[in-house]
Amino acid sequence: MSVLRGGGAEAGVPALLAPLSGVTDLYMRRIARRYGASAVISEMVAAAELALGDAESQLRSEGAGVSPHVVQLAGCAPEPMARAARIAVETGADVIDVNMGCPAKTVTGGAAGSALMRDLDNAERLLAAVRDAVSVPVTVKMRLGWDEASLNAADLAQRAERLGLNAVTVHGRTRQQFYKGSADWTAIRAVVQAVRIPVFANGDITSLSEARACLAASGAAGVMIGRAAQGRPWLVGAIASALAGQPRPEPSREERAAIACEHYEGLIALYGPAMGVRHARKHLASYVEHAGPGALPASERTRLLTTSDPALALELLRRAFLDPDDAPLESLGEAA
Ligand SMILES: Cc1cc2nc3c(=O)[nH]c(=O)nc-3n(C[C@H](O)[C@H](O)[C@H](O)COP(=O)(O)O)c2cc1C
């Protein structure tokens with residue numbers, strides 16, 4: 001995607017799939033990209049663990065069949081971040097994204113994620129180390145600041161730009177908000193105005209009309225969408241196409257069922273049956289949630305979310321989409 005490589009916007013306005021730990025696995029990213037998401041970002045990968053050859057970190061940074069392959073790294077020390085960035089690129093990453101937005105105490109307690117916004121000199125050293133370690137584009141994802149009293153995203157974005165980073169994403173909340181309240185798209189405008197590199201606006205976008213409203217409020221080059229794509233990996237591409245003036249028909253029930261089953265089977269293949277079944281459960285819940293009202297009777301829903309038998313899970317998943325064939329399908333609409 002040229003906008004991530006510093007080559008200016010492609011036709012239309014990009015819509016990216018956000019990194020979601022435990023969610024944007026290889027198959028979610030593959031499907032979202034195939035359905036037209038402008039780019040898809042991996043779950044955050046702990047740099048220190050990837051640098052030590054940790055198997056789970058390798059799975060999280062897997063990108064076979066995803067292009068461009070964007071790996072997000074989280075860490076607080078320049079040297080492991082640089083090492084992890086080199087490993088990610090050697091194993092196929094086309095872009096490295098640096099996490100400066102995660103609010104979780106397990107991450108900020110180690111001075112990574114959004115805690116880096118409390119010490120911009122350290123944040124800058126970390127970005128410089130990654131920038132110098134690899135020749136692929138480097139981007140950074142941040143929040144508006146640590147709290148209301150320190151809204152320093154524009155300062156951090158300027159530092160990133162001076163270092164030669166290629167793009168910035170801003171989630172329109174502070175760290176202290178976690179996920180409470182609503183994202184402030186207008187506050188992202190200060191970052192857009194502070195730099196020349198593309199800024200992507202993120203937070204609470206669930207529909208085409210919200211994507212348009214966010215772009216209007218922020219002036220951003222594009223949008224990044226996370227939670228709304230759970231159970232609907234086609235959503236980001238549908239919004240991207242509509243923003244480009246080429247709206248596409250929504251996937252049919254059969255297509256949605258096929259996507260959900262492909263995702264499920266992919267996870268079993270990637271993680272093996274035991275871990276794959278566990279990993280897939282949150283996706284199954286999201287797919288059923290979006291399969292229409294009364295998609296599965298409560299007892300069958302419970303079976304779907306608890307079974308360790310992949311064949312049964314696939315059967316119930318198909319039934320969730322295909323049985324209530326008179327129920328209205330959720331659509332991209334102007335307010336999904
Ligand atoms: C379950 C979950 C996992 C997340 N994992 C990451 C992550 O790994 N890296 C990151 O930068 N942000 C992460 N985020 C934040 C999202 O990328 C995004 O900024 C946030 O959810 C707001 O966007 P949305 O309203 O479109 O979901 C996560 C959010 C959630 C809810």
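**Labels and their cut-offs**

Reply: Over residues 16-290 the chain is 45% helix and 17% strand, with the end C-alpha atoms 20 Å apart. Helices (H or I, at least four residues) and strands (E, at least two) are DSSP runs, numbered from the N terminus. This is a predicted model, in which local features need pLDDT of at least 70 and side-chain atom pairs count only at pLDDT 80 or more, while totals for chains, interfaces and linings use all residues. Residues are numbered from 1 along each chain as its sequence is written.

Me: Which annotation covers residues 16-290?

Reply: UniProt, in an unreviewed entry, lists them as "domain: DUS-like FMN-binding". UniProt positions are given in the numbering used here, feature names are shortened, and annotations may be inferred rather than shown by experiment.

Me: What marks out Cys102 in the record?

Reply: The UniProt annotation "active site", from an unreviewed entry, covers Cys102. Cys102 sits in the loop between strand S4 (95-100) and helix H5 (105-108).

Me: Why is Cys102 called buried?

Reply: A residue is buried if 20 or more other C-beta atoms lie within 10 Å of its own, exposed if 12 or fewer, and partly exposed in between, with C-beta atoms placed from the backbone. Cys102 has 23 C-beta neighbours inside 10 Å, so Cys102 counts as buried.

Me: What is Cys102 in contact with, leaving aside its neighbours within four places in sequence?

Reply: Two residues are in contact if their C-beta atoms, placed from the backbone, lie within 7 Å. On that basis the partners of Cys102 are Met44, Ala74, Val107, Gly113 and Ser114.

Me: What makes strand S3 (residues 69-74) mostly covered?

Reply: Six of its six residues are buried. His69, Val71 and Leu73 point one way from S3, Val70, Gln72 and Ala74 point the other way, and all are buried.

Me: How do you know that strand S2 (residues 39-46) and S3 pair?

Reply: Two strands pair if DSSP finds at least two bridges between them. S2 and S3 have five bridges, in the parallel sense, and therefore meet the cut-off of at least two. Met44 stands opposite Gln72 in S3. S3 and S4 also pair in the parallel sense, over four bridges, and the bridge partner of Leu73 in S4 is Val98.

Me: Which residues are closest to the ligand?

Reply: Ala18, Ser21, Met44, Gly226 and Arg227 are the closest of the 21 residues that surround the ligand. A residue is near a molecule or strand if its C-beta atom, placed from the backbone, lies within 6 Å of it.
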